[in-house]
Amino acid sequence: MSEKFIKINESFKCLYCGLFNEKDKHGSCRNHCYYCLYSLHVDIYPGDRKESCNGLMKPIDIKTIGGKNIIYHKCLNCNKINKNKSLPDDNLINFYELY
Ligand SMILES: [Zn+2]
Ligand SMILES: [Zn+2]
C-alpha cells in the first residue's frame, strides 16, 4: 500500500480491480477508479495528497446533489468517509451491480 497509486490527474493502476485508469481528459483530478469506483485515502482535503493513511476506500453510496453525482467513500483502514465528485466517464452502474 506504499505505492503511489493516485497523483493529481495522472494515470494509475487501480489497487482494487487492477484496471489501468487514463488521466482525466477533461483535466479534473481523477482520484478513484472509473470501473470499480474504489479510491485511496490520500487526501485530507480534496487533491492535497497530505493524508498518510493510504487505505483503500470503498464506495459506499452515491447521491445526486444539485445535478451532480457524489460518491461517498469509506476508508477500510481508518473508517473515515470522504465525498468525491463523480466524473463523466465513471461507470456508476457498477456500483449498483458490484456492491
Ligand atoms: Zn478499480
Ligand atoms: Zn484512512
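Which residues make up the largest nonpolar core?

## The cores

The largest nonpolar core is built from seven residues: Cys14, Cys33, Cys36, Tyr38, Leu40, Val42 and Leu56. A nonpolar core here is a set of buried Ala, Val, Leu, Ile, Met, Phe, Trp, Tyr and Cys residues joined through side-chain atoms within 4.5 Å. Buried means under 20% relative accessible area, exposed means over 50%, and partly exposed is in between (1.4 Å probe, protein chains only). There's also a second, separate core of five residues, and Ile62, Ile71, Leu92 and Phe95 are among them. In soluble globular proteins, nonpolar side chains tend to be buried together.

## Before going on

This is a predicted model, where local features need pLDDT of at least 70, side-chain atom pairs count only at pLDDT 80 or more, and totals for chains, interfaces and linings use all residues. Residues are numbered from 1 along each chain as its sequence is written, chains are lettered from A and ligands numbered from 1 in the order in which they are written, and side-chain values use heavy atoms, with hydrogens and water left out.

## Rings that pair up

Rings of Phe, Tyr and Trp (its six-membered ring) pair if their centres lie within 6.5 Å; planes under 30 degrees apart count as stacked, over 60 as edge-to-face and the rest as tilted. That rule gives two aromatic pairs. Tyr16 and Tyr38 are stacked, because their ring centres sit 3.6 Å apart with the planes at 5°. Tyr16 is in the loop between β1 (12-13) and β2 (20-21), while Tyr38 is in the loop between β2 and β3 (39-40), so the pair ties together parts that are 22 residues apart in sequence. Helices (H or I, at least four residues) and strands (E, at least two) are DSSP runs, numbered from the N terminus. Tyr16 is partly exposed at 43% relative accessibility, whereas Tyr38 is buried at 4%.

The other pair, Phe95 and Tyr96, is edge-to-face, with 5.2 Å from centre to centre and 85° between the planes. Phe95 is buried at 9% relative accessibility, but Tyr96 is exposed at 52%.

## A charge over a ring

Lys63 lies over the face of Tyr72, 4.7 Å from the ring centre. To count, NZ of Lys or CZ of Arg must be within 6 Å of the ring centre and within 35 degrees of the ring normal.

Asp90 sits in the loop between β6 (81-85) and α1 (93-98), and it's buried at 9% relative accessibility. Leaving out residues up to four places away in sequence, Asp90 touches Arg30, His32, Tyr34, Leu37 and Ile71; contact means heavy atoms within 4.5 Å. Asp90 and Leu37 are 53 residues apart in sequence, yet their C-alpha atoms are 7.4 Å apart in space.

A polar contact of 2.8 Å links the Asn84 and His73 side chains.

## Positive phi angles

Arg49 isn't a glycine, but has a positive phi of about 55°. Asn54 isn't a glycine either, and its positive phi is about 60°. Arg49 lies in the loop between β3 and β4 (56-65), and Asn54 is found in the loop between β3 and β4 as well.

Definitions and conventions
A polar contact is a pair of N or O atoms within 3.5 Å; within protein, one must be able to donate a hydrogen and the other to accept it, and residues adjacent in sequence count only if both atoms are side-chain atoms.
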